[in-house]
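Work through these exercises with the structure open beside you. Try each task before reading its solution.

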Amino acid sequence: MAIMAAGKGTRLKSRRPKVLHEVGGRALLLHVIEAAKTLVEANHIYCIVGHEAERVQAAVAETGVQFVLQEVQRGTGHAMQVLKAHLELSAAPPPKHLLVLSGDVPLIRAETLAALCERHLRERAAMTILTAVPADPTGYGRVLRAAAAAPEVTAIVEQRSLVPGQLAAPEINSGIYCFETAALFSKLEMLSSDNAHGEFYLTDVAALLVADGRRVVAQQAESADEVLGANTIAEMMHLDEAMRATATRRLMAQGVTIFRPDTCIIDAEVEVGADTVIEPYVQLLGATRIGSECRIRSYSVVQRSTLGDGVTVRNGCILEGAEVGDGAVLGPCAHLRPESKIGEQAHVGNFCETKKTTLGRGSKANHLSYLGDAVIGAGVNVGAGVITCNYDGARKHSTTIGDGAFIGSDSTLVAPIHIGDGAYVGAGSCITHPVPDGALAIGRAHQVTKEGWATARRARRTHSADKLADTPANKR
Ligand code: UD1
Ligand code: CA
């Protein structure tokens, strides 16, 4: 199998290689590789790279596909010439049939590819072209059939080569084909670049095979949307929308309520349990899993996180790489950073930030806290504004807090530090020494109270201002 991904994407007017532009939260090329991998093993997939090859390779290397370098990009036909040269150098014989995909046709489904291959073998064709009839065929190569309903194709004509009688031809070439490898390879040297783009067109192979009496057939995709290409940002955003709509429809079919689904951004791999409610303008990204009967309120962004059942995420929360137990309540405006583990029924409230922190079952940090590198037990009350001072300017240190402890508001816990089970920390404390189980620690300056001081001062000022004799200040 081959995936053509060497092109620059001139029409995008972008410095980023076209196949690395994202739709549905993932690079175009990754979508295509994913579909391809359902049919063959990764090491049988030849990815043809060229423009910014290193960057493209790095972005998809983990998929395990093979790379073939097309140093200068002289068109899709030239991409196949480069592949042919590469395969001829390798020890293994080339595959008998070759499925060729385009790296910029990302919505293609594995089922459609399987059906194309099956049809190709059944028809004993030299070339089988996946086609579609979209609402607007402008810009695509057109597939001309021998007769209206006949499977046989006579040629593929690129948009800029269409002659007046062909301009209305409705059936487009998807850029996805199945070839008998030997038949394809026998025609590659005959391609010419004498055309509107000055490129070697793979599409010209169709007419060359037909001229040889070989069978070239077309297989129409069930839905045109699946084979739409991504040549401009506007086309990509259209595909993105289609992909998001598929994701929200899939979740709604599984019992998830999504208000105004068109405003939500939900990646394809996200899983959500039944009876969870997702409010408008929510983003669920990456490998996120959400249980059932949760409520995700507006303007929250949940990325690579796992939420149990019955979790409430109030407005404006940001979660990344977090784990949240059943029945927990977050926000509004809580920020859970990587390795935050929030226990069942725990609360992380208004403007609290957590990082690499475990908060035990039923513990509450409801207001304005920073909890980093901490292990906090169950049933702990973390008062408003508590801060774990985890960083000494050079290294990070950890804080541990035992079950049932009470940390008074506005306390700073200077790590490394341990607060024992059931211990109390007085409000406004700066804690620098461990607090044993059940103890009370107060780490703040003693309060000095001067009776009447404020009243007297006020009186003095009034007196010197207007010299009134009957003010209470005279009772000094
Ligand atoms: C191509 C088809 C057109 C079809 C359309 C479907 C040709 C000549 N035309 O046009 O009939 O309707 O796809 O989307 O094939 N690439 C390389 N090396 C190159 C040039 C391109 O690897 O030298 C890759 C690109 O990265 C891209 C794919 O091949 O992924 C298609 O190339 P592109 O330039 O987008 O072709 P289209 O003009 O869309
Ligand atoms: Ca294209």
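**Exercise 1. Where is the place of Pro416?**

Solution. Pro416 sits in the loop between strand S35 (412–414) and strand S36 (417–419). Strands are DSSP runs (E, at least two residues) and helices are DSSP runs (H or I, at least four), numbered from the N terminus. Next, look at the bond that leads into this residue. From Ala415 to Pro416 the peptide bond is cis, with omega near 0°. Then find another cis bond. The one from Gly331 to Pro332 is cis too, with omega near 5°. Pro332 lies in the loop between S24 and S25.

A note on the model and its numbering. This is a predicted model, in which local features need pLDDT of at least 70, side-chain atom pairs count only at pLDDT 80 or more, and totals for chains, interfaces and linings use all residues. Residues are numbered from 1 along each chain as its sequence is written, chains are lettered from A and ligands numbered from 1 in the order in which they are written, and side-chain values use heavy atoms, with hydrogens and water left out.

**Exercise 2. Find the domains of the protein chain.**

Solution. Domain 1 covers 2–227 and domain 2 covers 255–441. These bounds come from an automatic or database domain assignment. Now take the centres over C-alpha atoms: 49 Å separate domain 1 from domain 2.

**Exercise 3. Which residues are the protein donors of the calcium ion (ligand 2)?**

Solution. Start at the ion. Its protein donors are Asp104 (OD) and Asn231 (OD1), lying 2.2 to 2.5 Å from the calcium ion. Donors are N, O and S atoms within 2.8 Å of the metal (3.2 Å for Na, K and Ca); water is not among the atoms, so sites may look incomplete.

Asp104 is in the loop between strand S6 (97–102) and helix H4 (110–123), and Asn231 is in the loop between strand S11 (216–220) and helix H7 (233–253), so the pair ties together parts that are 127 residues apart in sequence.

Last, check their cover. Asp104 is buried, at 14% relative accessibility. Asn231 is buried as well, at 13%. Buried means under 20% relative accessible area, exposed over 50%, and partly exposed in between (1.4 Å probe, protein chains only).

**Exercise 4. Is Thr128 buried or exposed?**

Solution. Locate Thr128 in strand S7 (residues 127–132). Its relative accessible area is 0%, so Thr128 is buried. Now follow its side chain. A polar contact of 2.8 Å joins it to the side chain of His120. A polar contact is a pair of N or O atoms within 3.5 Å; within protein, one must be able to donate a hydrogen and the other to accept it, and residues adjacent in sequence count only if both atoms are side-chain atoms.

**Exercise 5. How many residues of H1 are buried?**

Solution. In H1, 8 of 10 residues are buried, and the helix is mostly covered. Among them are Leu28, Val32 and Ala36. Leu28 belongs to helix H1 (residues 28–37). At 0% relative accessibility, Leu28 is buried. Leu28 and Ala230 are 202 residues apart in sequence, but 8.5 Å apart in space, C-alpha to C-alpha.

**Exercise 6. Which are the edge strands of the open sheet of 11 strands?**

Solution. Read the order: S12-S15-S18-S21-S24-S27-S29-S31-S34-S37-S39, with parallel pairing. The edges are strand S12 (257–258) and strand S39 (440–441), each pairing on one side only. Two strands pair if DSSP finds at least two bridges between them.
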